[in-house]
Amino acid sequence: MLVIEQKPLNEMYQDALQSFPDECCGFFFGRESNDERMVTDILVVNNSKEGDKRRRFEISPKDYLNAERFADENELQLLGVYHSHPNHPAIPSEHDRVAAQPCFSYIIISVKENEIADNRSWQLNDDFQF
């Protein structure tokens, strides 16, 4: 189960709204114990996708390194990646599935006409399906 504290959730929403109509992206951090992941912090990153940012996002290798460094410096775990789906549901695309890593959680925020519509968290199973 993924539990998100209010502050990082608000920050993700703000990023999604400011990026609209493009997709936003970033990392989230916190602690994991038993079957619960508690999100306490986020790191907003630039959508480095060339071309249509309304339908895709990309995170640069440098941003991944910075996220790992942020986690180490703050004694947190890098739990996953969030991104938005402008004018689409908070359901992963096939592109999202193929790019996903097995241990990460993925938060998708649906933004419709400049308003937050929904958010959902996803994780790959043993068959690499969400």
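Author: Gladly! Let's start with pairing: two strands count as paired if DSSP finds at least two bridges between them. Please keep in mind that this is a predicted model.

Reader: Which residue stands opposite Gly30 in β4?

Author: Gly30 stands opposite Gln77. Another bridge to β4 involves Phe29, whose partner there is Leu78.

Reader: How do you know that β2 and β4 pair, and in which sense?

Author: Set the count against the cut-off: β2 and β4 share 6 bridges, and at least two are needed, so the strands pair. The sense is antiparallel.

Reader: And what makes β2 and β3 a pair?

Author: There are 9 bridges between β2 and β3, again antiparallel. One of the facing couples is Arg31 with Met38 in β3. These strands form a hairpin with 2 residues between them, where Asn34 takes a positive phi near 55 degrees.

Reader: How many bridges join β4 to β5, and in what direction do these strands run?

Author: β4 and β5 (residues 105-112) run parallel and are joined by 7 bridges. Ser84 has Ile109 as its bridge partner in β5, and Pro86 has Val111. From β4 the chain passes through helix α3 (residues 94-99) to reach β5, in a right-handed β-α-β crossover.

Reader: Why do you call β4 largely enclosed?

Author: Of its 10 residues, 9 are buried, so the rest of the structure largely encloses β4.

Reader: Which residues have the most contacts inside the largest nonpolar core?

Author: Those are Phe27, Phe29, Ile59, Leu78 and Val81, in a core of 15 residues. Two or more residues come from each of β2 (25-33), α2 (61-73) and β4 (77-86), with β2 giving the most, 3 residues. A second, separate core has 14 residues, including Cys24, Val39, Tyr82 and Ile107. Nonpolar side chains in soluble globular proteins tend to be buried together.

Reader: What is Leu78 in contact with, apart from its neighbours within four places in sequence?

Author: Leu78 touches Phe27, Phe28, Phe29, Ala67, Glu68, Ala71 and Phe104.

Reader: Is Cys24 buried or exposed, and how do you know?

Author: Its relative accessible area is 2%; buried means under 20%, so Cys24 is buried. Cys24 is found in the loop between α1 and β2. Leaving aside neighbours within four places in sequence, the contacts of Cys24 include Asp15, Tyr82 and His83.

Reader: Why does the pair of Tyr106 and Phe130 get its geometric label?

Author: The ring centres of Tyr106 and Phe130 lie 6.0 Å apart, with planes at 80 degrees. Centres within 6.5 Å make a pair, and planes over 60 degrees apart count as edge-to-face, so this pair is edge-to-face. Tyr106 sits in strand β5 and Phe130 in the segment after β6 (115-123), 24 residues apart.

Reader: What makes Trp122 and Phe130 a pair, and of which kind?

Author: Their ring centres are 6.2 Å apart and their planes stand at 75 degrees, so this pair is edge-to-face. Trp122 is buried, at 17% relative accessible area. Phe104, Tyr106, Trp122 and Phe130 form one aromatic cluster.

Terms used:
Residues are numbered from 1 along each chain as its sequence is written. This is a predicted model: local features need pLDDT of at least 70, side-chain atom pairs count only at pLDDT 80 or more; totals for chains, interfaces and linings use all residues. Side-chain values use heavy atoms; hydrogens and water are left out. A nonpolar core is a set of buried Ala, Val, Leu, Ile, Met, Phe, Trp, Tyr and Cys residues joined through side-chain atoms within 4.5 Å. Buried means under 20% relative accessible area, exposed over 50%, partly exposed in between (1.4 Å probe, protein chains only). Helices (H or I, at least four residues) and strands (E, at least two) are DSSP runs, numbered from the N terminus. Contact means heavy atoms within 4.5 Å. A crossover is right-handed if, with the strands pointing away from the viewer, the path from the first strand over the helix to the second runs clockwise. Rings of Phe, Tyr and Trp (its six-membered ring) pair if their centres lie within 6.5 Å; planes under 30 degrees apart count as stacked, over 60 as edge-to-face and the rest as tilted.
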